[in-house]
Amino acid sequence: MSFIESLTLALALTYSVSLIYWSGKKWGALVSGGLVSAAIISSLYWPLIVALAIAAIGAGLAAKFKPELIQGESRANNMREGVQHLLALSMLIVGVQFAVNTALLKSGITPWLMRPDVGDAFLPIAGGIELKAIINLGIWDKNHPAAAVMLTVVLLTGLLCKRAFCGWACPLGLAGEYLYKLRTRFIKQELLPPAWIDWPLRMLKYLLLLALLYIVIGMPTMSIPGYLNSNYHKIADLKMALFFITPGLVTLVCFGIILSLAAWRRQGFCRYICPYGALLGILSFLSPLKIRRNTEHCLIDAKGMNCDKCSRSCPANISVHKQINIRSDECQACMRCVSACPKKEALSFSTRNGWKLSARGLTIMLLTIMFLLPLVAYLGGFWHSETPVEARMYLIQHLDKIGH
Ligand code: SF4
Ligand code: SF4
C-alpha cells in the first residue's frame, strides 16, 4: 500500500469516525476510532501509521475549528461535492503514481515510485475471475488481489446504498459534471434525446456488462488457476496503464465517445456506457435504501399544490414528484432532490420501515465500506501484489509476445 493510499484510507476512516462523533454517538465514535487505530497500528506499516497520525492531527484541528463539512451539518450537495473532490484528488495522484511506475518499467528503470495496488480496481474482469476463484476453488490471487477486494467494495455499495458509489465517489462522474457545465456555458439548452432513443441507449451499458460477464462466467472453473498464473494476468494492470499513457487510435476514439456523452447530457457516460453503472443499477434494485416520498408531507398531496422541485433538480431526469419509492436504476442517491425539496419531511433516503439515512449517514456508510474492507484485506495479506518487480519489468519489455 503506497503512502497516498495509506493517507486516503486513514483520512477517510478518521473522517467517518468524526462524523459518527458529530452525530452525537460519542461512544460509537470512541469504539470505532479505537478499532480503526488498533488495526492500523497492528499493521506495523509506517506509511499507514504516519497517515493515521496526520489524520488524528486533522481531526484535532477540526474539533477546535468545527467547520461545517467536518461536522457533517452542511447540506447534502456540499457533503457530496466535498467527498467527490477529495476522492478524485486522491485518485488523480494515484493515477500519476501508477503512470510513472509503469513508464519507468517500460524504460527498463527499476521504479523509485511504488505501484499503488488500488490501481487494480480498474481490472473488473480480473476481479470477477478472482472472486469466482475464491468462491469455487478457495484460491486467492497473488498478482492482483486488490482487484477482487475493490470489486467486492463496489458490489457492497450497490447492495446497500444504491448507486451512491456513482453519485458520491466515482471520479469519472465528477469529471462528467464539469464537462457538462462547460458545454452548457456555450450551448445553453438541454439536449435530451426522445424517450424512444434514450431507452435503447441506456441498454448499451447492460450489453457491455453482459460482454464482461460472459468472459467471467464463460471461463471454465478449472482454467482459472492457469489464468491467474499466466503472464497475461500478471501484467494486466500494465497493459491497462499503457492503454492510457500511450493512447492509440482506439483509446482516442473511446475517450472521444466518453467525453462527448458526458458533455452532451448530464451523467451521459454513466447513463449510457458505463458497465459499472449497469452492474450497480441492477444491484440497486435490492438496496433497502431508496429515495421515498412521504405523501403526508409532500406539498402535492398534503396541500394540493403544484410542485416538482425534486424532479427538476434530478440529474437523471427521474419524475420524483410522481412516484412514492424511487426504484429507478439511474438513481445515484445523490440527494439533490432531498436538498431541493421545500418540505423537510417529504423526501428521504430511507428504508421501507422508515429508517432514514442523512447525507452524513450515507457518507459514513460509503467511506466505511470503501476503506475498511481494503484495510482488512491489507492486514490479511490480500491487498499487495506479490508479482516481483523484475518479472513485471521483463514482461512489459515483451508485451507483444504475451497473449491469453
Ligand atoms: S432521484 Fe434524487 S437521489 Fe436519485 S438521482 Fe435523482 S436527484 Fe439524485
Ligand atoms: S419537492 Fe418535495 S414537496 Fe415538492 S413535489 Fe417533490 S417531494 Fe413533494
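The following dialogue examines a predicted model through questions and answers.

Biologist: Which residues lie around ligand 1, and how do they divide into nonpolar, polar and charged?

Modeller: The shell around ligand 1 includes the cysteines C314, C331, C334 and C337. Among the other residues around ligand 1 are I291, P315, V320, Q332, A333, M335 and R336. The shell divides into 9 nonpolar, 1 polar and 1 charged.

Biologist: Which elements give two or more residues to the shell around ligand 2?

Modeller: The residues around ligand 2 are R293, C298, L299, I300, C307, K309, C310, H321, C341, P342 and L347. The elements that give two or more of these residues are α17 (299-303) and α18 (309-313).

Biologist: How do the residues of the shell around ligand 2 divide?

Modeller: The residues around ligand 2 include C298, L299 and I300, and also R293 and K309. The shell around ligand 2 divides into 8 nonpolar, 1 polar and 2 charged.

Biologist: What kind of aromatic pair do Y21 and W22 form?

Modeller: A pair of aromatic rings is described by the distance of the centres and the angle of the planes. For Y21 and W22, the centres are 5.3 Å apart and the planes are at 85°. Because planes over 60 degrees apart count as edge-to-face, the pair of Y21 and W22 is edge-to-face.

Biologist: What kind of aromatic pair do F244 and F255 form, and in which helices do they lie?

Modeller: The ring centres of F244 and F255 are 5.7 Å apart, with 40° between the planes, and the pair is tilted.

Biologist: Is F244 buried, exposed or partly exposed?

Modeller: The relative accessibility of F244 is 40%. Buried means under 20% and exposed over 50%, so F244 counts as partly exposed.

Biologist: Where is W383 placed, and is W383 buried or exposed?

Modeller: W383 has its place in the loop between α20 (359-379) and α21. Residues that W383 touches include M1, E5, D117, P145 and Y378. The relative accessible area of W383 is 3%, and since buried means under 20%, W383 is buried.

Biologist: How is the span of residues 240-263 annotated, and how much of the span is helix?

Modeller: UniProt, in an unreviewed entry, places the feature "transmembrane region" at several spans, including residues 240-263. The end C-alpha atoms of residues 240-263 are 25 Å apart. The chain over residues 240-263 is 0% strand and 88% helix.

Biologist: What covers the buried residues of helix α21?

Modeller: The buried residues of helix α21 (residues 389-397) are R392, M393, L395 and I396. What covers them includes α5 (76-106), α12 (231-234) and α13.

Biologist: What is the phi of Q267, and where is Q267 placed?

Modeller: Most residues other than glycine have a negative phi. Q267 lies in the loop between α14 and α15 (268-272) and is buried, with a relative accessible area of 12%. Although Q267 is not a glycine, its phi is positive, at about 55°.

Biologist: Is N317 buried, exposed or partly exposed?

Modeller: N317 is in the loop between α18 and β2 (325-326), and has a positive phi of about 55°. The relative accessibility of N317 is 44%, so N317 counts as partly exposed.

Key
Residues are numbered from 1 along each chain as its sequence is written. Chains are lettered from A and ligands numbered from 1 in the order in which they are written. This is a predicted model: local features need pLDDT of at least 70, side-chain atom pairs count only at pLDDT 80 or more; totals for chains, interfaces and linings use all residues. Side-chain values use heavy atoms; hydrogens and water are left out. A residue is near a molecule or strand if one of its heavy atoms lies within 4 Å of it. Helices (H or I, at least four residues) and strands (E, at least two) are DSSP runs, numbered from the N terminus. Ala, Val, Leu, Ile, Met, Phe, Trp, Tyr, Cys and Pro count as nonpolar, Asp, Glu, Lys and Arg as charged, and the others, Gly among them, as polar. Rings of Phe, Tyr and Trp (its six-membered ring) pair if their centres lie within 6.5 Å; planes under 30 degrees apart count as stacked, over 60 as edge-to-face and the rest as tilted. Buried means under 20% relative accessible area, exposed over 50%, partly exposed in between (1.4 Å probe, protein chains only). UniProt positions are given in the numbering used here, feature names are shortened, and annotations may be inferred rather than shown by experiment. Contact means heavy atoms within 4.5 Å. Lists of a residue's contacts leave out its neighbours within four places in sequence.
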